[in-house]
Amino acid sequence: MRASRYLCLLPCLAGAPLAAQATSDQARLVFNVNIGYVPGVSGWRVAGQPLFDDRSDPVLIDSLTLSRRIRSALSFGAQAIYYPGEHFGWLGEAQLIGLGFEDSCTVTAGSGSTRNTAICSGIAGSQSSGTAVLIGGGMIYRMLSQKTVSPYARIGLGAVISTQSSIRTFGTFPGQTGEAVEVEIYPDESTTRVTLGATLGAGFTAAIGRGYQLRWEVTDRIVGVRGVTAPTVQDGAAPPTSLRYRHLFGVQVGFDVLLERKRGRRY
């Protein structure tokens, strides 16, 4: 009687190690679309910028503090990832990262000019939308590639193409007939720039079905933004500038389609 009981347990005991060896499919070629959020960061700040009111006699001169901030924005993108082996892979991506700006202006030494006050008030709080695209590639390393949840980290380099000047600054005041008269404080004839960008990211993928995954990632995009470094002797003159790299930390979620995969063990 006891022997028959042990014989009944043999299939269960044999099945336990086999079930432990079962693994999910391993992604080899992946296409991803994603959406994310990037908080705003400081761009540049200049104190002591003179603003001349040449309508008066004598000329009135105010001193301004000007600053520009990179606005928070949504990001959108697509990625293609190829894993020739279990852990290391290659990644190419195109990401729309925004790079819009928000300005502030404060009169630090006023002359009583209503024109200059109106110009500074017009600059304060003004916003400009931006369209910047990061195109690049890099390497990715994943762990637990045949498990339901797989952590990973990645690094990449690329080019950032922006269509919004990070330097040009202007304000307006009402003219004699009520029309808005534009006054350019910092001119910039170039609106399109190409700078170097880098990406650091870490996250995980989670299988949601055969051939599909969800992807969650914390990302640091290091982007070059040209900024004003010092005041000019008079408004309207070309300012001194330098290229500064800013960290655009953010989070993104995506949806993966596994175009090619290696089947896991099913026994």
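**Salt bridges in the predicted model**

Okay, let's start with a pair you can find on screen: Glu 182 and Arg 168, whose side chains meet in a salt bridge, 2.6 Å from N to O. Keep in mind that this is a predicted model. Glu 182 sits in strand E11, residues 180-186, while Arg 168 is in the loop between strand E9 (149-162) and strand E10 (169-174), so the bridge ties together parts 14 residues apart in sequence.

Now, how many salt bridges turn up in the whole structure? The search finds nine. Let me pick out a couple more.

Next up, Asp 103 and Arg 68: their side chains form a salt bridge at 2.7 Å, N to O. This one links distant parts of the chain, with Asp 103 in strand E6 (residues 101-109) and Arg 68 in strand E3 (residues 60-70), 35 residues apart. Both Asp 103 and Arg 68 are buried.

Then there's Arg 221 with Glu 93, where the closest N and O atoms are 3.6 Å apart. Arg 221 belongs to strand E13, residues 212-228, and Glu 93 to strand E5, residues 88-96, so here the pair ties together parts 128 residues apart in sequence. Again, both Arg 221 and Glu 93 are buried.

Which residues are linked with Arg 221 and Glu 93 in a network of salt bridges? Arg 154 and Glu 217.

Note on methods:
Residues are numbered from 1 along each chain as its sequence is written. This is a predicted model: local features need pLDDT of at least 70, side-chain atom pairs count only at pLDDT 80 or more; totals for chains, interfaces and linings use all residues. Side-chain values use heavy atoms; hydrogens and water are left out. A salt bridge is a side-chain nitrogen of Lys or Arg within 4 Å of a carboxyl oxygen of Asp or Glu. Helices (H or I, at least four residues) and strands (E, at least two) are DSSP runs, numbered from the N terminus. Buried means under 20% relative accessible area, exposed over 50%, partly exposed in between (1.4 Å probe, protein chains only).
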